[in-house]
Amino acid sequence: MRIAVTGSIATDHLMTFPGRFADQLVADQLHTVSLSFLVDALDVRRGGVGANICFGMGQLGARPILVGAAGNDFGEYRAWLERHGVDTASVRISEVQHTARFICTTDQDHNQIGSFYTGAMSEARLIELQAVADRVGGLDLVSIGADDPEAMIRHTEECRTRGIPFAADFSQQIARMDGDDIRVLLDGAAYLFNNEYEKGLIETKTGWTGAEILGRVGTRVTTLGAHGVRIERKGEPDIEVHCPEEDAKVDPTGVGDAFRAGFLSGLSWGVDLERAAQVGNMLATLVIETLGTQEYELRRGHFMERFTKAYGDTAAADVQQHLAH
């Protein structure tokens with residue numbers, strides 16, 4: 001099963017200031033702030049929704065196709081993704097913009113000052129999915145994740161026009177979208193991904209009830225944090241899948257992307273929805289135990305040992321035959 005993942009490609013530049021921002025601010029001079037903070041540490045991490053999901057799928061051996069836009073500075077990141085099983089040949093390289101990046105400084109009280117530079121991400125709207133499909137011999141599913149908003153709409157409409165099944169996954173972009181955009185992006189989706197908060201926001205902004213949305217999408221997948229995931233289909237009983245036990249809770253960043261990576265990998269293997277959600281939950285657990293979105297290592301034996309403990313021998317047998325060696 002050939003799955004393309006559209007979404008942001010970015011790097012995070014995270015710095016630590018050993019003092020308190022509040023101590024540097026003068027109350028009656030806030031209209032003329034001019035400050036520079038000498039930081040102790042700089043941590044550069046690979047990120048972006050599309051790249052995070054593809055990295056996870058590559059770790060599982062699913063060979064995903066990354067579709068997004070980056071700058072000429074993408075070379076090292078591209079090599080990293082290719083080395084971890086991601087097809088990056090459909091990434092558009094901007095001639096004038098840098099790869100998107102988030103630059104953030106955190107003080108000792110965990111207050112943050114950050115900026116997000118969209119950069120090359122704005123050119124994702126220029127990518128034609130048909131060209132991607134022609135290159136790889138057709139697409140069985142396109143997962144449309146958080147990206148340039150115009151790109152998300154264009155990719156959705158192209159999938160509809162060309163009859164390519166697609167998954168709607170608004171993620172961070174839902175906050176800036178109005179009801180009309182959300183209706184366009186989810187109507188006819190084979191899968192709709194959201195967390196519990198986003199579920200309510202989608203229903204509020206569209207004016208559609210949960211039942212009405214289920215009439216417009218094939219499968220709705222709602223992540224529930226520590227409580228796992230709920231899968232809904234019209235006229236079918238819900239499927240609820242619990243999370244494996246965590247060894248530690250280090251960093252929640254990228255956990256949702258990891259779940260999607262595992263779930264989509266399960267779909268590519270042809271396992272049922274419950275198994276796909278179990279794989280997603282297991283991969284998400286590895287990520288929450290690691291600092292960074294692409295810093296975890298998937299060791300087959302370790303993964304299967306923990307998967308078996310969480311979901312049993314039958315589930316493990318269904319998954320083990322597909323997991324990359």
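Visitor: Which residue lies over the face of Trp80, and at what distance from the ring centre?

Guide: Arg46 lies over the face of Trp80, 3.9 Å from the ring centre. The model is predicted, so local features need pLDDT of at least 70 and side-chain atom pairs 80 or more, whereas totals for chains, interfaces and linings use all residues. Numbering starts from 1 along each chain as its sequence is written, and side-chain values use heavy atoms, without hydrogens or water.

Trp208 has a charge over its ring as well: the charged end of Arg216 is 4.0 Å from the centre (NZ of Lys or CZ of Arg within 6 Å of the ring centre and within 35 degrees of the normal).

Phe55 and Tyr296 are edge-to-face, because their ring centres are 5.4 Å apart and their planes stand at 85°. Since Phe55 belongs to helix H1 (residues 49–59) and Tyr296 to the loop between helix H9 (273–288) and helix H10 (300–311), this pair ties together parts 241 residues apart in sequence (helices are DSSP runs, H or I, of at least four residues; strands, E, of at least two; both numbered from the N terminus). Both Phe55 and Tyr296 are buried (under 20% relative accessible area with a 1.4 Å probe, protein chains only; exposed is over 50%, partly exposed in between). Elsewhere, Tyr191, Phe193, Phe259 and Phe263 form one aromatic cluster.

How values were computed
Rings of Phe, Tyr and Trp (its six-membered ring) pair if their centres lie within 6.5 Å; planes under 30 degrees apart count as stacked, over 60 as edge-to-face and the rest as tilted.
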